[in-house]
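Here are my notes for you to read alongside the model. Have it open as you go through the points.

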Amino acid sequence: MVETWGNDVPAGEKTDYARAAHAIGDEVVVYSWVEWPDKATRDAGMPKVMADAGMQTPPANLPFDGKRMIYGGFTTILDA
């Protein structure tokens, strides 16, 4: 798992991270991801991650607005 704090995230002409996350004022976009060896491992592991006690924080107590979170699965097309 990797979590990163935006420190050089420029505004784009058509879209950018700040607009995608609906950042306002001095909000900073945080970008994180989990790298799994394959989809089968991810599909088996994610329910275990979500069942962990540390993931049971009520939405009102999250340190971010979960409605603005963007997520998905990706297939690597280049790893140079």
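**Notes on a predicted model**

1. Val 9 counts as partly exposed because its relative accessibility is 40% (buried is under 20%, exposed over 50% and partly exposed in between, with a 1.4 Å probe and protein chains only). You'll find Val 9 in the loop between β1 and α1.

2. A quick word on the ground rules: this is a predicted model, where local features need pLDDT of at least 70, side-chain atom pairs count only at pLDDT 80 or more, and totals for chains, interfaces and linings use all residues. Residues are numbered from 1 along each chain as its sequence is written, and side-chain values use heavy atoms, with hydrogens and water left out.

3. Now look at Gly 25, in the loop between α1 and β2. Gly 25 has 82% relative accessibility, so this residue counts as exposed. Its C-alpha atom is separated by 18 Å from that of Gly 66, 41 residues apart along the chain.

4. On to the largest pocket, with a volume of about 2,200 Å³. A pocket here is an open set of points on a 1 Å grid over the protein atoms alone, where a 1.4 Å probe fits, with protein on both sides within 12 Å along at least five of seven lines; lining residues have an atom within 4 Å of a point. The volume is the space filled by probe spheres set on the points, which are joined across faces, edges and corners. Of the 40 lining residues, the closest to the centre are Ser 32, Trp 33, Met 69, Ile 70 and Tyr 71.

How values were computed:
Helix = DSSP H or I, 4+ residues; strand = E, 2+ residues; numbered from the N terminus.
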